[in-house]
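The questions below ask how the terms used for a structure follow from their definitions.

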Amino acid sequence: DRMAFLLDSLTQENLTNQQGVVKNEVKVNVLNQPYGGFPWLDMPQYANENWFNSHNFYGDLADLDSAKLEDVDEFFKTYYSPNNAALTIVGNFKAEDAKKWVEEYFGNIPEVTLPAKPDISEPRQAEEKRFTKEDKLANKPATAIAYKMPDRNTAEYYAMGLIDQLLLQGSDSKLYQRLVQEKGYSGNVSGGINYLGNMFNYNGPMLWMTHLIHDANVSPDSIIFQVDEAVGELNSVTQEELDLAIVKMRSSLYDNLSQLYGFGTADLLASFALFDDDPSRINSLEDEFKKVTPEVVKRTVEEYLRPTNRTILIVDPK
């Protein structure tokens with residue numbers, strides 16, 4: 001019903017109230033937190049070149065204040081329509097009943113003419129980028145390293161999913177062993193593909209990223225050196241290692257599917273319906289990862305984990 005009737009209750013008072021809610025979220029989650037926005041909000045703004053991918057997607061306070069009622073009205077009328085949406089229903093119901101309810105609530109909402117999609121592609125990165133962010137609330141430095149990802153659904157894309165498992169996920173991963181167990185640079189190292197979700201539920205340029213908070217006597221270059229050493233080991237990855245990565249990926253995938261009482265499954269079904277017009281892709285993900293060979297991993301490392309494809313962001317505590 002919101003898709004059909006939101007505009008009936010949209011007033012300046014409601015908009016002003018929601019602007020205050022979002023501004024408060026920004027202040028609590030980013031501006032007044034140590035390491036606020038690091039690196040989930042910060043890194044895309046540094047790593048990406050295309051404005052569609054590199055602006056502050058949470059919203060600068062000035063931008064939030066500048067939104068007008070007519071802006072919201074135009075946006076709603078442009079995009080909120082059944083022909084621009086995917087609906088997933090999860091629960092104990094009969095399919096026939098669900099179809100009737102969908103028709104009842106959505107059948108009379110008119111289609112919209114959607115504008116042309118903007119070009120959100122990123123240029124191939126040719127030089128390493130390095131930035132420093134001062135943080136008056138942080139008490140230790142932190143380092144994040146991000147690499148631009150391959151396009152969705154390519155062989156290299158699935159290879160990066162397994163590389164993520166080998167390098168970063170779990171206490172048996174190469175970076176955990178190096179940075180935490182052997183060097184003791186930090187108590188933990190975090191990261192993955194698409195910090196705001198997972199590698200499947202975003203349709204645009206993504207980053208593979210790792211970050212850690214560390215002592216002041218640990219230089220970012222020493223961390224980067226260990227990352228490069230771990231990446232170098234992937235050039236001789238074995239099928240046995242890939243088989244282990246597939247097991248870990250399968251476990252991670254089913255964790256995603258089962259989270260929040262079925263929301264994870266609904267999320268992926270909706271994503272594949274919206275992005276690919278093929279929700280059945282959810283059943284073939286495992287097979288795609290099984291196609292990855294050591295040769296595919298090696299060429300993926302050479303193109304996407306090269307130093308000239310990365311952005312480094314350092315938090316300087318003040």
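Q: How do you know that the span of helix 10 is close to the expected one?
A: Helix 10 (residues 220–233) has 14 residues and reaches 20 Å from its first C-alpha to its last, and the expected span is 1.5 Å times one less than the number of residues, which comes to 20 Å here. Helices are DSSP runs (H or I, at least four residues), numbered from the N terminus. This is a predicted model, in which local features need pLDDT of at least 70 and side-chain atom pairs 80 or more, while totals for chains, interfaces and linings use all residues. Residues are numbered from 1 along each chain as its sequence is written, and side-chain values use heavy atoms, without hydrogens and water.

Q: Why are helix 8 and helix 11 called roughly perpendicular?
A: Their axes, lines fitted to C-alpha atoms over the stretch in contact, lie 9 Å apart at an angle of about 95°, and because angles of 65 to 115 degrees count as roughly perpendicular, the two helices are described that way. Contact means heavy atoms within 4.5 Å, and this one involves residues including Gly161 and Leu162 of helix 8 and Ala245 and Met249 of helix 11.

Notes:
Axes are lines fitted to C-alpha atoms, for helices over the stretch in contact, and angles run from 0 to 180 degrees between N-to-C directions. Angles under 35 degrees count as roughly parallel, over 145 as roughly antiparallel, 65 to 115 as roughly perpendicular and the rest as oblique.
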